[in-house]
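Trainee: Could you take me through one part of this model up close? I'd like to look at the sheet and the charged residues around it.

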Amino acid sequence: MADNGTRGRFITLEGIEGVGKSTNVEFVRDQIEAAGHNVIITREPGGTALAERIRHVVLTTTGEPVPPVCELLLMFAARSAHVNNRIRPALEEGTWVVCDRFTDATVAYQGFGRRADLDKIAALADWVHSDVWPDLTFLLD
């Protein structure tokens, strides 16, 4: 994505459940707004109506096992909708985007947690959002 000087900034927060991402997302938003920038908060998986439906599929237990590659592809399907329909348009109009999780979470959960091939995760990330990467990531511990 070309930076014409008016592009918004993309900030992500990463960390395990319960570490305070939601609380800190609000804090980061408040600081950005106080500096005079428009900002939206979003999350992964999710962030758009389609991505939220995919999130529901990923997080709902049905008794049928979800193979690791299926879970990985669902995460990137949701991310594709999210990046193309919400994140990229916001950045292009100059809005800052603060997101609860992004591709780093996929590396952690699907890569190291579910043992998905890290090279395949990198290839999917390049395919799905090669021009949209966080400008800054906060890793909460």
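**The sheet and its charged surroundings**

Mentor: Let's start inside the sheet, where F10 stands opposite V97 in β3. Keep in mind that this is a predicted model. F10 belongs to strand β1, residues 10-14, and β1 runs parallel to β3, with 4 bridges joining the two. Now look to the other neighbour: β1 is also joined to β4 by 4 bridges, again in parallel. On that side, L13 has F138 in β4 as its bridge partner.

Next, check the side chains of β1. F10, T12 and E14 point one way, while I11 and L13 point the other way, and all are buried. With 5 of its 5 residues buried, β1 is largely enclosed by the rest of the structure.

The open sheet has 4 strands in the order β2-β3-β1-β4, with parallel pairing. β2 (39-43) and β4 (136-139) are the edge strands, and each has a single partner, so one side of each is left without a neighbour in the sheet. From one strand to the next, the twist averages 20 degrees. For β2, the partner is β3 (residues 96-100), and the two pair in the parallel sense over 5 bridges. You can pick out one of these pairings at V39, whose bridge partner in β3 is W96.

K21 is buried yet has no salt bridge. K21 does have something polar at hand, though: a polar atom of its side chain lies 3.1 Å from the backbone oxygen of G15. Leaving aside residues up to four places away in sequence, K21 touches L13, E14, G15, I16, D100, R101 and L140.

Other charged residues do find partners. Side chains of opposite charge can pair when their charged atoms come close. The structure holds 9 salt bridges. One of them joins R79 and E44, with the closest N and O atoms 2.6 Å apart. That pair links distant parts of the chain: R79 is in helix α3 (residues 68-92) and E44 is in the loop between β2 and α2 (49-59), 35 residues apart. Both ends are tucked away, since R79 counts as buried at 1% relative accessibility and E44 is buried too, with a relative accessible area of 5%.

Compare that with R43 and E52, which form a salt bridge with closest N and O atoms 2.7 Å apart. Here R43 counts as partly exposed at 34% relative accessibility, and E52 is partly exposed as well, with a relative accessible area of 26%.

Last, go back to charged residues around R29. R29 forms a salt bridge with D30, with 3.4 Å between the closest N and O atoms. R29 is partly exposed, its relative accessible area being 24%, and D30 is likewise partly exposed, at 38%.

Note on methods:
Residues numbered from 1 in each chain as written. Predicted model: local features only at pLDDT ≥ 70, side-chain atom pairs only at ≥ 80, totals over all residues. Heavy atoms only, no water. Buried < 20%, exposed > 50% of the residue type's maximum accessible area, 1.4 Å probe, protein only. Lys, Arg positive; Asp, Glu negative; His and termini not counted. Salt bridge = Lys/Arg side-chain N within 4 Å of Asp/Glu carboxyl O. Polar contact = N/O pair within 3.5 Å; in protein donor to acceptor, adjacent residues only side chain to side chain. Contact = heavy atoms within 4.5 Å. Pairing = 2+ DSSP bridges. Axes fitted to C-alpha atoms, helices over the stretch in contact; angles between N-to-C directions.
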